[in-house]
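Please look over the sequence and the structure below.

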Amino acid sequence: MKLQKSAGLKFRREHKKKQKYVMAAAGVLAVLCLFAGLKMTSVPKVLLKVNPVTILQDEELPKVKASAVCVNKKKPKKKIEKGYTLGQFLEELNAGKGYKLKYKADNTKEGTYPVQIVMDKALEKKLSQKWRGKVKFSVEEGVVTVRNKYGTWDGSKFKKLDGTYVVSDFIVSKGEEYFFDENGEMCTGERIIADQKCVFGKDGKLISRERYLNPDMPMVALTFDDGPGKYTETLLQALEKHDARATFLMLGSRVGQYPNALKKMEEIGCELGNHSWDHANLVKLDETGIRAEIEQTNQAIEAVVGHGASIVRPPYGSFNATVRGVAGLPIVLWSVDTLDWKRKDAAQITEYVMNTVSDGDIILMHDIHDFSVNSAIELIPKLKEKGFQLVTVSEMAKARGVTLKPGVKYFRFYKE
Ligand code: NI
């Protein structure tokens with residue numbers, strides 16, 4: 001019993017001794033930690049962070065800024081070096097001194113574009129040498145976000161900025177074109193959209209689009225005589241904007257003055273026709289005279305676009321057997337005369353055409369008058385809205401199964 005007791009006492013004493021050592025060790029460690037901790041927290045930690053910016057597509061690219069803070073909240077009066085405080089350092093950083101922000105972004109495509117912080121050599125040197133241990137410096141780079149100007153994707157749909165979905169329309173996203181059907185679902189595969197045959201990939205990206213004329217749908221050929229003139233290019237811009245085509249019956253004597261207009265006609269798929277050299281009444285000329293009027297004009301057109309006219313419209317619609325023989329091209333007249341030169345008023349011309357037009361018509365106008373061009377600019381979207389495909393004379397003939405023949409007269413292409 002006694003032995004046992006003393007053994008128990010000894011054990012207890014030993015145990016107490018060990019506890020003391022442990023406590024002493026812990027104490028030293030705590031002091032060390034405190035010391036180290038004090039030393040660590042005594043250095044100001046400065047963070048320079050890029051301020052994120054978001055813009056909508058096509059807005060001007062912004063000037064990006066960065067802001068500096070002391071993350072461990074040191075007093076601004078704390079000295080980094082003699083006569084220079086932490087507060088001053090932060091102020092200078094916030095004023096954009098000591099570094100540059102660099103980024104490359106395409107404001108036409110939505111996406112996030114990284115913004116880099118490039119430190120000035122002098123500041124970098126200071127931080128790594130003179131200020132080493134005086135200030136802990138870190139940077140956080142950021143992004144410029146370009147948001148789609150229409151809205152954002154929502155699964156296979158596209159939500160517009162106003163919260164509604166894109167329906168029966170195209171959207172450009174990240175430089176690719178997509179189409180959303182009547183239910184707002186993204187289209188894939190082949191699809192006829194208005195007057196175009198579009199092919200979309202499995203991911204919905206538009207692969208190709210080509211002009212597609214539906215022979216069963218209404219179509220109309222706008223034709224412009226006596227040009228080109230100073231309003232022709234304005235008219236061509238309107239045609240291009242609406243992806244519409246027209247036919248220009250030109251005077252050879254004017255062609256050389258407006259080469260850009262002819263090049264644009266060619267580029268956007270318009271048809272170039274011959275309206276004689278100087279608006280001569282061809283029936284009053286002999287064969288040589290007729291030939292000169294037609295051929296010189298073809299040569300003038302060819303000099304600009306590389307090929308001659310595809311059709312001819314004799315001035316005043318006046319022709320005879322000799323003209324037929326010499327023309328060498330289909331003779332195209334008209335089925336709707338707008339009498340634009342007489343009406344001299346865009347609104348009146350537009351109203352007349354809209355009330356008169358029917359499927360297969362060839363409409364006569366003159367692009368040398370501002371009122372005619374202004375009317376055409378109104379008519380192009382109005383006719384499209386009414387379901388008309390705006391086509392060239394040759395396109396309409398082809399769609400209606402007519403092969404145009406030289407010397408033969410055409411004035412409309414109604415359905416059989
Ligand atoms: Ni004429």
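His 279 sits in the loop that connects β19 (271-274) with α7. In this predicted model, His 279 has a positive phi of about 65°, although this residue is not a glycine. Most residues other than glycine have a negative phi, and most peptide bonds are trans.

Ser 168 is another residue to look at for its backbone: its phi is positive, about 50°, and it is not a glycine. The loop that holds Ser 168 runs between β11 (157-160) and β12 (169-173). Is Ser 168 buried, partly exposed or exposed? Its relative accessibility is 41%, so Ser 168 counts as partly exposed, the class that lies between under 20% for buried and over 50% for exposed.

The peptide bond between Gly 227 and Pro 228 is cis, with omega about 0°. Pro 228 belongs to the loop between β17 (219-227) and α4 (232-241).

Next come the strands. In a regular strand the side chains alternate between the two faces of the sheet. Strand β7, residues 111-119, can be read in this way: Gly 111, Tyr 113, Val 115, Ile 117 and Met 119 make up its covered face, while Thr 112, Pro 114, Gln 116 and Val 118 make up the uncovered one. Which strands pair with β7? Strand β6 (residues 99-103) runs antiparallel to β7 and is joined to it by five bridges; within this pairing, Val 115 of β7 stands opposite Tyr 103. Strand β9 (residues 142-147) also pairs with β7 in the antiparallel sense, over five bridges. There, Pro 114 has Val 143 of β9 as its bridge partner.

Five bridges pair β3 with strand β1 (residues 45-50) in the antiparallel sense. Ala 66 of β3 is the bridge partner of Val 50.

The last stop is a helix contact. Helix α6 (residues 259-267) and helix α7 (residues 287-305) have axes that come within 9 Å and cross at roughly 75°. The two helices are therefore roughly perpendicular to each other, a term that covers angles of 65 to 115 degrees. On the α6 side the contact is made by Pro 259, Leu 262, Lys 263 and Glu 266, and on the α7 side by Ile 301, Val 304 and Val 305. Five of these residues are nonpolar, two are charged and none is polar.

Technical notes:
Residues are numbered from 1 along each chain as its sequence is written. This is a predicted model: local features need pLDDT of at least 70, side-chain atom pairs count only at pLDDT 80 or more; totals for chains, interfaces and linings use all residues. Side-chain values use heavy atoms; hydrogens and water are left out. Buried means under 20% relative accessible area, exposed over 50%, partly exposed in between (1.4 Å probe, protein chains only). Helices (H or I, at least four residues) and strands (E, at least two) are DSSP runs, numbered from the N terminus. Two strands pair if DSSP finds at least two bridges between them. Axes are lines fitted to C-alpha atoms, for helices over the stretch in contact, and angles run from 0 to 180 degrees between N-to-C directions. Angles under 35 degrees count as roughly parallel, over 145 as roughly antiparallel, 65 to 115 as roughly perpendicular and the rest as oblique. Contact means heavy atoms within 4.5 Å. Ala, Val, Leu, Ile, Met, Phe, Trp, Tyr, Cys and Pro count as nonpolar, Asp, Glu, Lys and Arg as charged, and the others, Gly among them, as polar.
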